[in-house]
Amino acid sequence: MSDTRANKRFRSQEWFDNPNNPGMTALYVERYQNQAFTREELQGEKPIIGIANTGSDLAPCNKIHVFLMDRIKAGIREAGGIPMEFPVHPIQETGKRPTAALDRNLAYLSLVEVLHGYPIDGVVLTTGCDKTTPAMLMGAATVDIPAIGLNGGPMLDGWWKGKRAGSGTIVWESRRLLAEGKIDYEEFMGRVCSSAPSLGHCNTMGTASTMNAMSEALGMTLTGSSAIPAPFRERMAMAYETGQRIVEMVYEDLKPSDILTREAFENAIVVNSAIGGSTNAPPHLQAIARHAGVELNVKDWETIGFDVPLLVNMQPAGEYLGESFFRAGGVPAVMGELMSAGRLHAGAMTATGNNVGVNLAGCDSLDTEVIKRYDAPMRRNAGFKVLSGNLFDSALMKTSVISEDFRKRFLSEPGNEGVFEARAVVFEGPEDYHDRINDESLGIDERTVLFIRNVGCVGYPGSAEVVNMQPPDALIKAGITHLPTVGDGRQSGTSESPSILNASPESVVGGGLAFLQTGDRVRLDLNASRMDALVSDEDWAARQAAWEAPEIVSQTPWEEIYRTHVGQLGDGGCLELATAYQRIAKDLPRDNH
Ligand code: FES
Ligand code: MG
């Protein structure tokens, strides 16, 4: 036994080996003993390692974890720990109505209760599909016991008629082709289904790959963990090594609070710009930071991240998919490029027990077609703009997906580049949008900005991915594939639309979007990071005074609880009261009998 292992008393021993309360100890031991564990194991001074399993039949993006469990457990046992797997409330992006975002905070709450209330000394957080990663990291941050992330990895690359077919991204492309009449419904289904050829999460740089890259950039996984495709042998090896490592982390008492520092979040923001990451990353990282007690402001995404170049040539901002990204070196290659350019805090501690600088020594791009060098990027200044004005206090725009065509049409007025003025058309939600988008009386032309409201955290509830609205069919047929779109909801991380989204505060709580009317002129000024309705202060104040909050009808008890306590996307969409509970593992819960 090494010195670090001698005389270590674990949290779990308060359950299984507490001589001050033999009655309770016996009660705890007898029922865990009756399944698979011997008394010697439970009382044998070995750490109990929880494994939060986010995979199930209802959560196919994370289903691979069901098959990785054996390897995680083998690693834990090998290193001298006792694994105890437990289920996590499913959060399937493509299955849960009204939106999986509603359940991020529910899975978070549930994980907090499990980690706090059970005899667990450290935890492996299995992640994958979009909201599973933030939910797990938020819970680990609140409880603050040693924790390490392991994602399931992306699916293999999809292919359709000799071209890469990326998850989600192909849906947005195919629905335009369908609207143009270039493909029929059968081909539409064939194209979309071809993008999902194996177990794993989305193979594009959508929210799943982004958030798993964020987990690695924050230092919460082993180096190189996030990009390995789900079916690859390296994924199984990583599961085993992650299981081994968490046991050491328990002995070292290396906790989320040691890793999730301000420096770690700044690193993650820089990495997000370089990978062309999802607009969902800001609310999720804001939420993790708040539960970790780290100051992070939505404006930091522009201040720290905007001038970072886009290095990763992966859909939706580029061309390739997950297999190529992995072969080009994955997140360590991107971070290696950024570190050499002096863009990362190399001293930030990570789950490996080493800092970022040590982990990344010698890492750089193995294929510069897929991961570019820092000084020869896909594009410069590729981070988010964080806009404000009379319509919202904050809203995001992902500049790495602004296409040349979009820039030319909307942002290239000679002498006035980056500024766009147009007429607003306002939809009250996705149903209203679908009903009316092709209504010619709305007069939607290429000088129109489409707005959608009532789709934020409280309004939807959960905040829906609906802001990337497609133009009317007639405009698409005329070659206008994108109009500027704005809303208080979100959009899929797989979307290539440069929408202005996550507007906070949302309209149903009285945010500025509530007072906008179809026909108003609006002005976007990217140079000043502003968007405003061009309505006089007097008129605006009158509309505000006349406004009545819409009636909100919840369909489930959780929806009502969520709506009562949720904050705005700009602040992470957290359950506000939960952010006051920090590092709670230090106080043991009371005995249960
Ligand atoms: Fe689950 Fe994309 S839908 S990862
Ligand atoms: Mg989505």
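In the predicted model, the axes of helix α7 (residues 169–180) and helix α8 (residues 185–193) approach within 9 Å and cross at roughly 170°. Because angles over 145 degrees count as roughly antiparallel, α7 is roughly antiparallel to α8. The crossing of α7 past α8 is right-handed. On the α7 side, the contact involves Ile170, Val171, Ser174 and Leu178, which meet Phe188, Arg191 and Val192 of α8. Sorted by class, the residues of this contact comprise 5 nonpolar, 1 polar and 1 charged.

At the level of domains, the assignment divides the protein into domain 1 (46–157 + 197–360), domain 2 (159–195) and domain 3 (384–546). The centres of domain 1 and domain 2, taken over C-alpha atoms, are separated by 30 Å. Contact between these two domains involves 10 residues of domain 1 and 6 residues of domain 2. The side of domain 1 that touches domain 2 is made up of 5 nonpolar, 4 polar and 1 charged residues.

In the model, the chain over residues 369–572 is 19% helix and 20% strand.

Notes
Residues are numbered from 1 along each chain as its sequence is written. Chains are lettered from A and ligands numbered from 1 in the order in which they are written. This is a predicted model: local features need pLDDT of at least 70, side-chain atom pairs count only at pLDDT 80 or more; totals for chains, interfaces and linings use all residues. Helices (H or I, at least four residues) and strands (E, at least two) are DSSP runs, numbered from the N terminus. Axes are lines fitted to C-alpha atoms, for helices over the stretch in contact, and angles run from 0 to 180 degrees between N-to-C directions. Angles under 35 degrees count as roughly parallel, over 145 as roughly antiparallel, 65 to 115 as roughly perpendicular and the rest as oblique. A crossing is left-handed if the near helix is turned anticlockwise from the far one by less than a right angle, and right-handed if clockwise. Two residues are in contact if their C-beta atoms, placed from the backbone, lie within 7 Å. Ala, Val, Leu, Ile, Met, Phe, Trp, Tyr, Cys and Pro count as nonpolar, Asp, Glu, Lys and Arg as charged, and the others, Gly among them, as polar. Domain bounds come from an automatic or database domain assignment.
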